[in-house]
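The entries follow in the order in which I worked.

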Amino acid sequence: MMMTEQMIMEEARKYMQPAAQIRAERPVRVPQMRIRLMETGIEYGADMIRNRKDLEKFCVRLNEDEAFEKFSVIAVNAQCRPIGIYSIMGALSEVNAYPRVITTFALLANAHSVFLTHNHPGGTCAPSTDDITSTVRIQRILRELGIMVLDHLITTPEGQCYSMAQHGDISIP
């Protein structure tokens, strides 16, 4: 027996509930989430980061007077103007820089690129193996999203800087 379109629709109606019945049975509440960046109004005196010297001054100023390790992400637009900074405070000799948090910040800031920086309050500029490994991991994750990590600077209380890009610890596109 061949079924006509009308017969198919009648058969389907047996299994379909009217929309009004579905709504009456159990309303479903879907939460709407809003995430946004909060502005702090801190001025760091950098209109643009044009070269490594500008970046070093910016990072030294950002990390000055910190007794504990502090990791910061500086989000910049395509003209290398800072558009946001996210900082994570750590302990005396370490700070946990979680890629998920860094990625979330970079996306919310609509960053074209980012600079990473952290301080070594003990006074040594040299990066640890963990510093390099975590930077390469963050760089790989952000690259997949189209956000470039341009450099990672380590600063000391004396104003010394170590550039991972300049020393070849990370590759820059």
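Entry 1, salt bridges. I searched the whole structure and found five salt bridges, taking as a salt bridge a side-chain nitrogen of Lys or Arg within 4 Å of a carboxyl oxygen of Asp or Glu. I note that this is a predicted model, in which local features need pLDDT of at least 70, side-chain atom pairs count only at pLDDT 80 or more, and totals for chains, interfaces and linings use all residues. Residues are numbered from 1 along each chain as its sequence is written, and side-chain values use heavy atoms, with hydrogens and water left out.

I looked up its partner and found Asp151, with 2.7 Å between the closest N and O atoms of the salt bridge. Arg52 belongs to helix H3 and Asp151 to strand S4, so this pair ties together parts that are 99 residues apart in sequence. For elements I used DSSP runs numbered from the N terminus: helices are H or I with at least four residues, strands are E with at least two. Asp151 is buried at 1% relative accessibility, while Arg52 is partly exposed at 32%. Here buried means under 20% relative accessible area, exposed over 50%, and partly exposed in between, with a 1.4 Å probe and protein chains only.

I checked Asp54 and found its side chain in a salt bridge with Arg50, at 3.5 Å from N to O. Asp54 is buried, with a relative accessible area of 14%, whereas Arg50 is exposed at 58%. I also recorded a salt bridge between Glu64 and Arg61, again 3.5 Å from N to O. Glu64 is partly exposed at 41%, and Arg61 is partly exposed at 42%.

I traced an open sheet of five strands in the order S2-S1-S3-S4-S5, with mixed pairing. Two strands were taken to pair if DSSP finds at least two bridges between them. The edge strands are S2 (82-89) and S5 (161-163), each pairing on one side only. From one strand to the next the twist averages 20°. I then followed S1 (residues 70-76) and S3 (residues 113-119), which pair in the antiparallel sense over six bridges. Within this pairing, Ala75 has Val114 of S3 as its bridge partner.

I placed H3 (residues 52-63) across S1, S2, S3, S4 (148-155) and S5, at about 55° to S4. Axes are lines fitted to C-alpha atoms, for helices over the stretch in contact, and angles run from 0 to 180 degrees between N-to-C directions; contact means heavy atoms within 4.5 Å. Buried in H3 are Asp54, Leu55, Glu56, Phe58, Cys59, Leu62 and Asn63. Their cover includes S1, S2, S3, S4 and S5. At the start of H3, a side-chain oxygen of Asn51 comes to within 3.1 Å of the backbone nitrogen of Lys53. After H3 comes Asp65, with a positive phi near 65°.

Cys80 sits in the loop between S1 and S2 and is buried at 17% relative accessibility. Asn110, also not a glycine, has a positive phi of about 60°. I located Asn110 in the loop between helix H4 (99-108) and S3, where Asn110 is exposed at 65% relative accessible area.

Technical notes:
Polar contact = N/O pair within 3.5 Å; in protein donor to acceptor, adjacent residues only side chain to side chain.
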